[in-house]
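Here is a short report on one protein chain. It starts with charged pairs, then turns to rings, strands and cores.

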Amino acid sequence: MKAIPAILLQGHGVASGRSSNDRRFPQGTIKMQQPFFKALGLDFDEYFGGDYVSGTLNLSIAPMTYDILKPEYFFKNVAWTDIFPAENFFMSAAHIHYQGQAYRALLYIPDPATKPDHFQAPSTIEAIAQTIPGIEYGHGLSLAYNPSAIALRDA
């Protein structure tokens with residue numbers, strides 16, 4: 001694993017179901033996608049030992065951006081809703097270090113070629129993670145990622 005500094009940003013709120021602008025997914029997209037990922041071999045409950053937030057952390061790695069290389073998980077043509085066409089997803093093991101503690105995480109990267117909306121800035125990467133007590137938007141942290149899965153580069 002290789003670590004880089006990151007800052008927690010507020011996202012669209014769609015992954016968690018907390019969006020006040022987009023109410024199409026009141027349970028959150030992660031909760032809707034989870035059974036599909038489990039059927040394809042990635043059980044979040046097992047991976048996180050039952051302790052994870054059903055949403056994503058939006059992590060700014062500015063001024064860097066990233067390229068997808070070979071994440072541990074690639075799910076193709078996941079038809080998780082009838083609202084959008086099927087999407088591809090890349091996921092990779094990660095850790096978030098915050099206030100001296102390490103938390104298990106997964107980089108969660110919807111394929112830009114198949115993602116229909118709710119786009120992130122190129123310097124923002126999403127992660128699903130264990131519950132991180134006390135973390136708030138604007139807080140700094142360290143993101144440990146697999147350099148075989150993604151490559152960082154200057155934006």
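## Salt bridges

D43 and K38 meet through their side chains in a salt bridge, at 3.8 Å from N to O. A salt bridge here is a side-chain nitrogen of Lys or Arg within 4 Å of a carboxyl oxygen of Asp or Glu. K38 counts as exposed, at 51% relative accessibility. The classes are buried (under 20% relative accessible area), exposed (over 50%) and partly exposed in between, with a 1.4 Å probe and protein chains only.

The model is predicted: local features need pLDDT of at least 70, side-chain atom pairs count only at pLDDT 80 or more, and totals for chains, interfaces and linings use all residues. Residues are numbered from 1 along each chain as its sequence is written, and side-chain values use heavy atoms, with hydrogens and water left out.

The count of salt bridges is two. R153 forms one with D67, and the closest N and O atoms are 2.8 Å apart. R153 belongs to strand β9 (residues 150-154) and D67 to strand β3 (residues 64-68), so this pair ties together parts 86 residues apart in sequence. Helices (H or I, at least four residues) and strands (E, at least two) are DSSP runs, numbered from the N terminus. R153 is partly exposed, with a relative accessible area of 40%. D67 is also partly exposed, at 30% relative accessibility.

## Aromatic pairs

There are eleven aromatic pairs. Rings of Phe, Tyr and Trp (its six-membered ring) pair if their centres lie within 6.5 Å; planes under 30 degrees apart count as stacked, over 60 as edge-to-face and the rest as tilted. F37 and F89 are edge-to-face, because their ring centres are 5.1 Å apart and their planes stand at 80 degrees. This pair links distant parts of the chain: F37 is in helix α1 (residues 29-39), F89 is in strand β5 (residues 87-98), and 52 residues separate them. F37 is buried at 0% relative accessibility. F89 is buried at 0% as well.

F44 and Y52 also pair edge-to-face, with 5.7 Å between centres and 75 degrees between planes. Both F44 and Y52 are buried. One aromatic cluster includes F37, F44, Y52 and F89, along with Y47, F48, Y73, F75 and Y108. R104 lies over the face of Y47, 3.9 Å from the ring centre. The rule for such a charge is NZ of Lys or CZ of Arg within 6 Å of the ring centre and within 35 degrees of the ring normal.

## Strand β7

Six of the six residues of β7 (residues 124-129) are buried, so the strand is largely enclosed by the rest of the structure. Both of its faces are covered. T124, E126 and I128 are buried on one side, and I125, A127 and A129 on the other.

β7 pairs with strand β2 (residues 57-60) in the antiparallel sense, over four bridges. Pairing requires at least two DSSP bridges between the strands. S60 has T124 as its bridge partner in β7. Strand β6 (residues 101-110) also runs antiparallel to β7, and four bridges join them. There, A105 stands opposite A129.

## Nonpolar cores

The largest nonpolar core has 25 residues. A core is a set of buried Ala, Val, Leu, Ile, Met, Phe, Trp, Tyr and Cys residues joined through side-chain atoms within 4.5 Å. L59, I96, L107, I125, L141 and L143 have the most contacts inside this core. β1 (2-9), β2, β5, β6, β7, β8 (140-145) and β9 each supply at least two of its residues. Another core, of 17 residues, lies apart from it; among its members are I30, Y52, F75 and Y108.
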